[in-house]
Amino acid sequence: MQGSGDQTEFLALERELSVFLRRARASSGEMARELHPELEPAAYGLLVRLEDAGRQRATDLAAYFGVGKATMSRQLRALEDLGLVAREPDPADGRAYLIGLTPEGRERFLRVRDARREQYMRKLADWDRGEVAELARLLNQLNAGTES
């Protein structure tokens, strides 16, 4: 990266990401409460991942989100206690478990996700579809760069 030269674009990026992340956390909290009143905001992202990627080991989920095993175990236990996810033995390794959405968890998640998508569609109604696709591509690129 450049030395002490002009970094205006990076300052603008930091500012806009800060606002975006704060709003995203608030939105995730709302979505989590709609899914279940006792659900933590961070748990909504776990449900997104399980719906997208299917059953996963807790260690794989922890690595994906960049959190410790204890944090992941606590969040998964809460989801399990609410009946939204279930553990089953991993057929490839009898000592490990796979976590997946329960039928009730999937139904609740899909209902809330569809409502969230409707919000995005309303908020971005004036955007060109190509711009929406480009934003999604760039966010994916940013997320992929932070996985390492």
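The model is predicted, so local features need pLDDT of at least 70 and side-chain atom pairs count only at pLDDT 80 or more, while totals for chains, interfaces and linings use all residues. Residues are numbered from 1 along each chain as its sequence is written, and side-chain values use heavy atoms, with hydrogens and water left out.

We can start with the overall fold. The protein chain contains 6 helices and 2 strands, where helices (H or I, at least four residues) and strands (E, at least two) are DSSP runs numbered from the N terminus. Along the sequence these elements come in the order α-α-α-α-β-β-α-α. Taken along the principal axes, a box of roughly 55 × 40 × 25 Å holds the C-alpha atoms. Of the 148 residues in the protein chain, 24% are buried; here buried means under 20% relative accessible area, exposed means over 50%, and partly exposed lies in between (1.4 Å probe, protein chains only). Accessible areas come from the Shrake-Rupley method with a 1.4 Å probe, and for residues only the protein chains shown count as cover. Among contacts (heavy atoms within 4.5 Å) between residues at least 6 apart in sequence, 48% join residues at least 24 apart. Q7 is found in the segment before α1 and is partly exposed, at a relative accessible area of 25%.

The two strands come next. β1 (residues 85-90) and β2 pair in the antiparallel sense over 6 bridges; two strands count as paired if DSSP finds at least two bridges between them. Together β1 and β2 make a hairpin with 2 residues between them. In this pairing, V85 stands opposite L101 in β2.

After α2 comes G54, whose phi is positive, near 85°.

The structure holds 13 salt bridges, each defined as a side-chain nitrogen of Lys or Arg within 4 Å of a carboxyl oxygen of Asp or Glu. One of them joins R57 to D93, with the closest N and O atoms 3.5 Å apart. R57 lies in the loop between α2 (41-53) and α3 (58-65) and D93 in strand β2 (residues 93-101), so this pair ties together parts that are 36 residues apart in sequence. R57 is partly exposed, with a relative accessible area of 25%, whereas D93 is buried, at 18%. D93 also meets R95 in a salt bridge (3.1 Å, N to O), and R95 counts as exposed at 74% relative accessibility. Salt bridges that share partners join R57, D90, D93 and R95 into one network. Another salt bridge brings together the side chains of E80 and R87 (2.8 Å, N to O). Both ends of this pair are partly exposed, E80 at 29% relative accessibility and R87 at 34%.

Finally, the surface carries a nonpolar patch of about 510 Å², made by F20, L21, W127, L135, L139 and L142. Patches are made of residues with over 30% relative accessible area and no salt bridge; like charges are joined within 9 Å, and nonpolar side chains (Val, Leu, Ile, Met, Phe, Trp, Tyr) within 5 Å. The elements that give two or more residues to the nonpolar patch are α1 (8-35) and α6 (129-145), and α6 gives the most, with 3 residues. W127 sits in the loop between α5 (103-123) and α6, and counts as partly exposed at 38% relative accessibility.
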